[in-house]
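I opened my notebook today to get to know a new structure. Here is what I looked up, one entry at a time.

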Amino acid sequence: MTTDPSPSSAKPGVLAPLGWAAFLAASWTWIIGMFLPVLLVRDYGIWGFVAFALPNIIGAAAMGWVITSPAESAAMVAAHRAAGRAFSLVTIAFHAYVLVWLYPTLIPPGLPLGETPLLAVAIPPLTIITVALLFARGVRHAAIAAAALAMSLVLGAMLAAGGVADAWSSSTPTTPISPAPDLLWLAPVMVFGFALCPYLDLTFHRARRNLDRQSARLAFGVGFGVFFAAMILLTLFYAPALRAAMDGAAALPWAVAIALFSHVAMQSVFTVGVHTHAVAATAAPRRSSPLAVPCAVLSGVAAALLSHAAPSGLAGLSAGEVGYRLFMAFYGLVFPAYAWLCMIPTRDGRVGPTRRKALVLAMAIGVAAPMFYMGFIERREVFLAPGLLVVLMSRLALPRGRRGGPARAAQASAAPSA
């Protein structure tokens, strides 16, 4: 297994932080950043992308400032190991789902290689090879990440040469289908999710534990403010063309389809690989099943196949998009609610999950879930406001205790301040 340098042995200077910056950007270039802007631009226009990009970049980069030392990161992972592993496993399942769901759109049967899905067949061995490299001794994960980012930029140039930007000149793929004020109800949910989800990402913690305070700020700032920002700008670039392909309005040219699929698949494979590595690295002795990751992959694939078999979706959405939005509920409701209620220290100095916190968390999610369903699936975004308010106010039900102040070690395992 690859062993990362300890913070004390990390090389000074700029190269090491820049390497971790590439690692952070590639690990965070998910199927969210590579696809959610397509839906947001479709629904709300360019302001949908802005409402997505700013809290995403700022929320992820902020972790380099909020967690002030490798010890704090290590304590946080120890206190919330089960939640962090769940975050990684859901992320792995999510990527498997989206790749299988979108494959017919990205590589339709009418194109070369479409009738025989050679690219789809290539994904499993490519994933296995990537995971093997990530576990191999002496392999620098930052080098793999930098190569993935560089290749995505090359593929982006291929998309430009293929005329993918021409779709921006057509009114159909760029005209919002929802009133602009509806975005005002969705934006706070995106801020909530992107502000808190990073603290459950084990790959972020891995980077933070290998950097001193100043280097962490550089790595997180450049990683998300520059490298990751370039990746989601690439998504904005191809959003109208992909939307047109999904709607059946215009098929993607062969070269564009191959380049776009390669970008999405390559970044997804890297993300799945680093989260697989994270799940293995945080396994409790004799208590962790080696089948956790394969089960997550199979769950995502099965859900995608069901979406293809479903005769219709809900509220004017395809079954595949309904599934995508249901996965997004983990990152808009479940995981940030956990961070809000269980990771921020309560006044009695307790950190980590307790029975009381678990009960409050379950009740908050249970009450808010129907409202989030109305907002995410039925697209009646106004319901998101009371749903988010339920989660925020549920913190008042946690133990309050005295303000005597917990030990610094306990505070270290908490994430953002309340």
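**Entry: a pair of helices.** I began with helix H1 (residues 15-28) and helix H10 (residues 202-209) in this predicted model. I found that the two pack at an angle of about 175°, and their axes are 10 Å apart. Angles over 145 degrees count as roughly antiparallel, so that is how H1 and H10 run relative to each other.

**Entry: who meets whom.** Which residues of H1 meet H10? I listed Trp20, Phe23, Leu24, Ser27 and Trp28 on the H1 side. Facing them in H10, I noted Thr203, Phe204, Arg206 and Ala207. I sorted the residues of this contact into six nonpolar, two polar and one charged.

**Entry: the core.** Next I turned to the largest nonpolar core, which has 123 residues. Which of them touch the most other members? I wrote down Ile32, Phe52, Phe94, Phe224, Tyr238, Tyr324 and Tyr331.

Setting aside neighbours within four places in sequence, I saw Ile32 in contact with Pro37, Phe52, Phe94, Tyr324, Met328 and Tyr331.

**Entry: the whole chain.** How many helices and strands are there? I counted 17 helices and zero strands. The chain has 418 residues, and 52% of them count as buried. Among contacts with a separation of 6 or more, I noted that 86% join residues 24 or more positions apart. Last, I looked up the accessible surface of the chain, which comes to about 17600 Å². Carbon and sulfur atoms hold 70% of that surface.

How values were computed. Residues are numbered from 1 along each chain as its sequence is written. This is a predicted model: local features need pLDDT of at least 70, side-chain atom pairs count only at pLDDT 80 or more; totals for chains, interfaces and linings use all residues. Side-chain values use heavy atoms; hydrogens and water are left out. Axes are lines fitted to C-alpha atoms, for helices over the stretch in contact, and angles run from 0 to 180 degrees between N-to-C directions. Helices (H or I, at least four residues) and strands (E, at least two) are DSSP runs, numbered from the N terminus. Angles under 35 degrees count as roughly parallel, over 145 as roughly antiparallel, 65 to 115 as roughly perpendicular and the rest as oblique. Contact means heavy atoms within 4.5 Å. Ala, Val, Leu, Ile, Met, Phe, Trp, Tyr, Cys and Pro count as nonpolar, Asp, Glu, Lys and Arg as charged, and the others, Gly among them, as polar. A nonpolar core is a set of buried Ala, Val, Leu, Ile, Met, Phe, Trp, Tyr and Cys residues joined through side-chain atoms within 4.5 Å. Buried means under 20% relative accessible area, exposed over 50%, partly exposed in between (1.4 Å probe, protein chains only). Accessible areas come from the Shrake-Rupley method with a 1.4 Å probe; for residues, only the protein chains shown count as cover.
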